[in-house]
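I opened this entry to keep a record of what I looked up in the model, element by element.

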Amino acid sequence: MIRVVLAEDQAMVRGALASLLGLEPDIEVVGEAADGEEAVAVALASRPDIALLDIEMPVTDGIAAAERICREVPGCRVMILTTFGRPGYLRRAMEAGAAAFMVKDSPARELAAAIRRVLAGERVIDPVLAAAALSAGPNPLSQRERDVLTAAADGSTIGDIALRLHLSEGTVRNYLSSAIQKTHARNRIEAVQRAQSQGWL
């Protein structure tokens, strides 16, 4: 049996995935999680063959959880299953060690087939997304620029961002200015939107 852990913050989607995979004769769902932190804990406890993770989850996102699972549960292969097929997400997931990246509108039978292929040592990547990621190029933003843009996403002031990230206000302004230039945006709101649409944040 292929032992799978599912991490998805929407309970109905998680339940549907578990039911679908449970219909497969060689797949068993051995654990479920509602956020990335819980996914890591469940993977550590159950030592599955496959961890199937959503990206946008509370507490810890799926990409950060993937990186930890790859490091802390070395026998487990990580697959990303997401609504958000963004080129930047694909690149970051692969860098974190994910062996597969699929979008949720794929047919259910493809998911089970992908699980078997990943267990056999293959990489499974949505081909349209792979082409988009190659044409989009690498993330131009530094880690600090990403931190500052993420903090700016909720409309926080320069002072608020500086306090939250333990930086001076001048440093925050410099990072924002650099991020605006790199995203070819007119202002920080547009820079946040462009970075989010590419999956860079």
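Which residues are buried in helix 4? I found Pro-87, Gly-88, Tyr-89, Leu-90, Arg-92, Ala-93, Met-94 and Ala-96 buried there, where buried means under 20% relative accessible area with a 1.4 Å probe and protein chains only, exposed means over 50%, and partly exposed lies in between. Helix 4 spans residues 87–96 and is mostly covered, with eight of its 10 residues buried. Just after helix 4, Gly-97 takes a positive phi of about 110 degrees.

I noted the basis before going on: this is a predicted model, in which local features need pLDDT of at least 70 and side-chain atom pairs count only at pLDDT 80 or more, while totals for chains, interfaces and linings use all residues. Residues are numbered from 1 along each chain as its sequence is written, and side-chain values use heavy atoms, with hydrogens and water left out. Helices (H or I, at least four residues) and strands (E, at least two) are DSSP runs numbered from the N terminus.

Next I looked at the sheet, which is open, has six strands in the order 2-1-3-4-5-6 and pairs in parallel; two strands pair if DSSP finds at least two bridges between them. Strand 2 (27–33) and strand 6 (124–125) stand at the edges with a single partner strand each, so one side of each is left without a neighbour in the sheet. Strand 1 (residues 2–7) pairs with strand 2 in the parallel sense over six bridges, and Ile-2 has Ile-27 in strand 2 as its bridge partner.

I then turned to strand 4 (residues 77–82), where five of the six residues are buried. Strand 3 (residues 50–53) pairs with strand 4 in the parallel sense over four bridges, and Leu-52 stands opposite Met-79 of strand 4. Thr-82 belongs to strand 4 and is buried, with a relative accessible area of 0%. Leaving aside residues up to four places away in sequence, Thr-82 touches Asp-54, Ile-55, Phe-101, Met-102, Val-103 and Lys-104, contact meaning heavy atoms within 4.5 Å.

Last, I checked the helix pair: the axes of helix 2 (residues 36–46) and helix 3 (residues 62–72) come within 9 Å and cross at roughly 15 degrees, the axes being lines fitted to C-alpha atoms over the stretch in contact and the angles running from 0 to 180 degrees between N-to-C directions. That makes helix 2 roughly parallel to helix 3, a label for angles under 35 degrees.

Key
Parallel < 35°, antiparallel > 145°, perpendicular 65-115°, else oblique.
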